Amino acid sequence: STQSQALVESTGALGPAESPASPARGCILAHSMGLGKSFCVVAFALMYFRYSKGKTLLVIAPKSTLHNWEREFVQWSQRAGLEAPRLWVLDDKVRTVAEKATVLRRWVRDGGVLVMGYAQFVLLSGERACGAPAGTEQQQQQQPAVGEQPPLP
């Protein structure tokens, strides 16, 4: 169908992050509203967790839609007769760097789907993109990197 073709054409697979030996891979799914992006992501996640050794999945979505993802995962998982994966949401309720680091470490440790907005992703990845303010060098030095946080109990 035309809708299926549009979805396939809008999905871009990304190659290895650093080298052909790198296990890092990703996918970007972007298209107009109402064409089934959420369904595609949930269906992919369910199959990914069921048939691969992967245990974490990152979804970067518009900030205004972050809490819709829980409903989408529950709805589509139930329709498929499968258990919804654990969902972590990095939203405005998670305020400090330490709280964010705790969520990230638990997600890595326990697995599941982490949903966050683009600005949050840029902030946590340390990348400067799309005009996101980088802060002063002194401010950046005062905030430890996520990997430098003490381990979880």
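## The overall picture

Of the 153 residues in this protein, 26% are buried, where buried means under 20% relative accessible area, exposed means over 50%, and partly exposed falls in between (1.4 Å probe, protein chains only). Keep in mind that this is a predicted model: local features need pLDDT of at least 70, side-chain atom pairs count only at pLDDT 80 or more, and totals for chains, interfaces and linings use all residues. Residues are numbered from 1 along each chain as its sequence is written, and side-chain values use heavy atoms, with hydrogens and water left out.

The protein has 6 helices and 5 strands, taken as DSSP runs numbered from the N terminus (helices are H or I with at least four residues, strands are E with at least two). Reading from the N terminus, you get α-β-β-α-β-α-β-α-β-α-α. If you take contacts (heavy atoms within 4.5 Å) between residues at least 6 apart in sequence, 57% join residues at least 24 apart.

## The sheet

Three strands make an open sheet in the order E3-E5-E4, with parallel pairing; two strands pair if DSSP finds at least two bridges between them. Strands E3 (56-60) and E4 (87-90) sit at the edges, each pairing on one side only. From one strand to the next, the twist averages 20°. E3 and E5 (residues 112-116) pair in the parallel sense over 5 bridges, and Leu57 stands opposite Val113 in E5.

Helices pack on this sheet too. H2 touches E3 and E5, and its direction makes about 170° with that of E3. H5 (residues 118-125) touches E3, E4 and E5, with its direction at about 100° to that of E5. For these angles, axes are lines fitted to C-alpha atoms, for helices over the stretch in contact, and angles run from 0 to 180 degrees between N-to-C directions.

## Helix H4

H4 (residues 97-110) has 14 residues and reaches 20 Å from its first C-alpha to its last, close to the 20 Å expected at 1.5 Å a residue; the expected span is 1.5 Å times one less than the number of residues. Its buried residues are Lys100, Ala101, Thr102, Val103, Leu104, Arg105 and Trp107. E3, E4, E5 and H5 are included in what covers them. Just after H4, Gly111 takes a positive phi of about 85°.

## Aromatic pairs

A search of the whole structure turns up 4 aromatic pairs. Rings of Phe, Tyr and Trp (its six-membered ring) pair if their centres lie within 6.5 Å; planes under 30 degrees apart count as stacked, over 60 as edge-to-face and the rest as tilted. Phe39 and Trp76 are edge-to-face, because their ring centres are 4.8 Å apart and their planes are at 70°. Phe39 lies in H2 (residues 37-51) and Trp76 in H3 (residues 68-80), so this pair ties together parts that are 37 residues apart in sequence. Phe39 has 41% relative accessibility, so it counts as partly exposed.

Phe44 and Tyr48 are stacked, 5.5 Å centre to centre with 20° between the planes. They are 4 residues apart in H2, so about one helical turn separates them. Both ends of the pair are partly exposed: Phe44 has a relative accessible area of 48%, and Tyr48 is at 25%. Phe44, Tyr48 and Phe49 form one aromatic cluster.
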